[in-house]
Amino acid sequence: MNYSVKDKITPNQFLFFILQTQLGVGILSLAHQIHKDAKGGAWISVLIGGLISQIMIVIFWVLLKRNKASNFLQAMEKLVGKITAKGLVIGYSCFYALVTVLELSEYIRIMTKWVFPETPVWINILIVATAAVYLAKESLRVISRMYLFVSFLIFPLVIFTIFGFKNVHFTYPMPFLEEGWLGIFKGANLSFFYFLGYEAMLLTYFAVEGSDKDKLKAASLGNLFVTLVYTFTTYVCLISFAPNELPLVPEPVLYVLKSYSLHVVERIDLLFLSIWMVSVTTSVCSFVYLSSIGVAQLCKAKNHKKFVYWIAAVCCIGTTFTLTPHRGEMLDDFIKILSYGFVFAIPILLLIISLFRGRES
Amino acid sequence: MKRIRRKARIPHFEKSLSFSPEAKDVSPSVKENIDYIKEQLFNTDDILERDIYFDDRQGKLIFLETLSDKHLIMESIIKPLERAKVGVVEHVITSSGFEVGESLDKAISWIISGKSLLFLEGIPEMYVCETGLVIKRDVREPDNEGIVRGSHDGFIENLITNLHMIRNRIENPNLVVQYFTLGKKSDTKVALVYMKNLAKEELIDEVARRLNLIPTDFILSPGFIGEYIEDDTYSPFPQLLYTERPDRTIAYIMEGRFAILSEGNPTAIIAPVTLFSFYQSPDDYHSRWMFGSLIRTIRFASFLIAFILPGLYISVVTFHPEVLPIELIYSVKSSIERVPYPSLIEAFFMELTLELIREAGIRLPTRVSQTIGIVGGLVIGDSVVQTGLVSLPMIIVVALTAISAFVVPSHELSSTVRLLRFPLMIAAAMFGFIGMAAGLFLIFTHLAKLETFGNPYFSPFMPFKLKGFKDTFIRFPLWHLNKSTKDSTPDERNSEKAILGEGRK
């Protein structure tokens with residue numbers, strides 16, 4: 001499918017599309033996970049993770065800038081030939097669908113633990129999926145509009161976290177280099193996955209109006225914002241919990257919020273979870289949208305609407321199989337390996353091909 | 001747009017007024033003509049005819065007494081004719097609208113629109129004089145849109161008077177009135193009013209197209225027109241603004257929107273509008289801008305209260321009582337414990353009672369409706385708590401919600417808000433905060449995709465436009481507003497310049 005007038009978005013909207021796609025389930029458990037490897041330097045790891053994402057964004061950008069076309073499939077057809085291009089698009093569609101499953105299963109895990117311990121899982125999935133599908137079936141422009149609007153919710157997220165400064169200990173994470181640079185890079189390697197979402201560039205880049213420079217600026221700003229939010233929350237968690245406490249709390253952000261009251265509202269973590277749920281919904285919506293856009297491009301369909309329903313249905317059913325801890329971990333590891341391929345290796349490979357091609361002509 | 005095209009495929013029924021299919025010319029014989037007209041109107045009893053002698057000819061004047069102004073007929077037709085005795089009819093008759101017709105088919109449509117026809121023996125022509133009877137009430141402030149300060153006039157049921165009020169206020173050659181005749185079985189005159197230099201051309205073309213495609217038999221109210229021309233009939237949100245105030249109408253026209261007025265109804269339809277248009281009132285511009293902004297902010301708060309508060313309360317008491325401070329939990333819980341029903345049923349019971357009282361109050365004359373207020377408000381309100389059917393906090397929530405819903409200056413949006421809180425209440429009762437979040441997400445997604453006449457409905461939020469906020473939550477001083485961009489108009493336009501005729505090439 002080609003992008004119609006209704007799918008064209010401004011660089012500003014592109015910024016928020018990237019931002020909301022990146023900002024997903026990760027924020028709650030980020031500090032806990034990175035702390036395992038990097039200890040007090042976890043926030044540096046997150047910062048480095050953001051930097052790696054930034055480099056990848058530039059790589060994507062150069063690749064897409066050099067291969068102008070009306071959509072991703074056509075750009076790749078020019079670069080690597082029809083069959084490989086189709087394979088690539090199929091691969092990315094599946095990858096996005098798998099990320100959807102991962103997001104959903106992580107969401108369900110936390111929801112079951114914190115809010116709905118006895119609600120059947122499929123109802124939980126249905127709530128998010130309904131909201132996500134309702135938005136994902138719309139045009140890219142509507143989706144981006146909505147993303148920009150819900151981005152206002154990031155302010156309360158950050159403000160709630162700032163209130164957590166009431167009882168903190170700045171010496172908890174010190175020394176930052178306790179585990180050495182090796183530990184920090186290990187953590188950065190892990191945090192890389194929490195920044196996933198900018199690969200949405202691949203399929204949406206050609207729908208953005210404006211110069212290439214504006215597009216790069218938009219994507220980078222989106223990534224910068226996410227990096228700042230992640231680093232900030234990680235740092236707050238590091239100074240709120242003693243180093244030997246943090247491995248025990250899987251969702252440190254929520255525990256920080258739970259520990260204090262605002263006099264008007266007592267349980268801020270519940271409000272935080274409701275807002276976080278919106279962030280997850282937007283991420284799920286993005287990945288479902290991207291996946292269906294890929295399929296629509298393959299099928300040369302007029303729009304992606306009907307694919308959204310099918311892909312969402314498959315993802316929802318798939319999610320129900322991943323909910324045991326063991327399977328969840330397997331899926332997690334599997335997607336980590338896949339992301340190295342789809343977000344790291346393949347784009348770089350494509351860029352190299354593109355560079356060589358460029359020299360030929 | 002697609003929808004309207006589909007509707008237009010409905011076969012067009014011929015106007016089933018008894019027009020004879022073959023054209024019939026006026027015959028030289030007066031009697032033949034009169035008989036024909038009477039026959040075509042099935043000898044209805046309100047046809048009057050009067051003998052006329054002019055130019056030594058026997059003639060007849062025929063008209064519908066129920067539609068024509070007898071006094072006007074006497075002054076402008078009969079008297080001049082009798083005084084002159086001979087001459088050219090065109091020169092003698094002093095009626096403001098005068099035509100000479102030759103086809104009798106047209107005679108029928110003329111006569112049922114209130115014109116008088118004059119036939120003279122031996123002349124195969126008829127003289128058509130404008131003698132329509134206009135009965136109209138006085139211009140007064142509409143009851144449903146009262147304001148504190150500002151002009152106190154309102155539209156009435158007469159189209160010409162309404163257009164006069166608009167023209168009188170906008171003395172500008174760019175103001176254009178375009179007439180349409182709608183209805184297959186009964187003609188209703190509808191006027192489309194806009195500023196030529198401010199309204200986008202595509203917008204006017206589109207609305208004209210949609211108006212011409214309306215396939216209905218007759219137009220009862222502007223709601224008829226509205227439902228045919230709006231973009232999304234399945235949306236709970238009103239996409240057209242209805243108002244009876246001329247000042248409000250011209251304010252929108254001067255922003256590049258259009259207004260549709262129809263004969264026989266004091267309501268103007270204004271489009272394209274955004275959600276926030278419904279929260280603006282002329283009063284905002286009559287008070288100082290700070291106070292105007294405060295009032296407007298309160299109105300928006302009322303919007304949120306009206307459709308979120310019941311759901312919020314339900315989710316707090318059913319799922320997350322720990323959100324409340326501990327002292328409050330005790331008093332709320334002690335009140336709820338006496339009620340055996342889940343809070344959703346409480347809420348539904350109370351909200352429905354309130355809607356009942358409201359509906360009953362509207363239909364009844366003022367003196368009786370006071371009784372309703374006492375019975376509904378005092379008796380029901382007090383005794384449901386005493387009986388233990390509904391808890392006290394729920395009464396507070398419902399009452400607050402009701403008041404907030406009535407703050408909206410537009411009746412249409414007020415009903416939308418009242419309607420939307422029911423699904424939110426159900427979502428809250430099922431899934432607490434998460435359900436609310438999901439419900440709100442769905443509603444705002446709907447708002448994000450809603451467009452009216454190609455303009456985003458939830459602007460300036462979606463798409464986000466910082467400049468648009470100058471007249472949204474806060475009413476900036478008026479000299480600021482002159483430069484603000486409006487969605488319905490070309491972006492580069494500076495409204496003041498455009499009004500002076502310099503805006504567009």
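A residue counts as buried when its relative accessible area is under 20%. The views below come from a predicted model.

**View 1. A:Val142 in helix α7 of chain A.** Helix α7 spans residues 140-150 of chain A and includes A:Val142. The relative accessibility of A:Val142 is 8%, so this residue counts as buried. Its contacts reach into both chains: A:Val142 touches A:Leu135, along with B:Ala448 and B:Lys449. Residues up to four places away in sequence are left out of that list. A:Asp7 is 135 residues from A:Val142 along the chain, yet 8.2 Å separates their C-alpha atoms.

**View 2. A:Asn124 in helix α6 of chain A.** A:Asn124 belongs to the helix formed by residues 121-136. Its relative accessible area is 1%, and A:Asn124 is therefore buried. Around A:Asn124 sit A:Tyr107, A:Ile108, A:Met111, A:Thr112, A:Phe116 and A:Thr119, all in contact with it. Neighbours within four places in sequence are set aside here.

**View 3. The buried residues of helix α2 of chain A.** Helix α2(A) covers residues 30-38. A:Leu30, A:Ala31, A:His32, A:Ile34, A:His35 and A:Ala38 are buried. These buried residues pack against four helices of chain A: α3 (42-66), α9 (180-194), α11 (212-240) and α12 (252-258). A:Lys39 follows α2(A) and has a positive phi, near 50°.

**View 4. Helix α8 against helix α11 in chain A.** The axes of α8(A), residues 154-163, and α11(A) come within 10 Å. They cross at roughly 25°. Angles under 35 degrees count as roughly parallel, so α8(A) and α11(A) are roughly parallel to each other. The crossing is left-handed. From α8(A), the contact draws on A:Ile154, A:Val158, A:Thr161 and A:Ile162. From α11(A) come A:Phe225, A:Val229, A:Phe232, A:Thr233 and A:Val236. The contact of α8(A) with α11(A) holds 7 nonpolar and 2 polar residues, with no charged residues.

**View 5. A hairpin of strands β1 and β2 in chain B.** Strand β1(B) takes in residues 47-54, and strand β2(B) residues 57-64. The two strands run antiparallel and are joined by 8 bridges. B:Glu49 stands opposite B:Ile62 of β2(B). Between the strands lie 2 residues. In this hairpin, B:Asp55 takes a positive phi near 60°.

Note on methods: Residues numbered from 1 in each chain as written. Chains lettered and ligands numbered in written order. Predicted model: local features only at pLDDT ≥ 70, side-chain atom pairs only at ≥ 80, totals over all residues. Heavy atoms only, no water. Pairing = 2+ DSSP bridges. Buried < 20%, exposed > 50% of the residue type's maximum accessible area, 1.4 Å probe, protein only. Contact = heavy atoms within 4.5 Å. Axes fitted to C-alpha atoms, helices over the stretch in contact; angles between N-to-C directions. Parallel < 35°, antiparallel > 145°, perpendicular 65-115°, else oblique. Left-handed = near helix turned anticlockwise from the far one by under 90°. Nonpolar A, V, L, I, M, F, W, Y, C, P; charged D, E, K, R; others polar.
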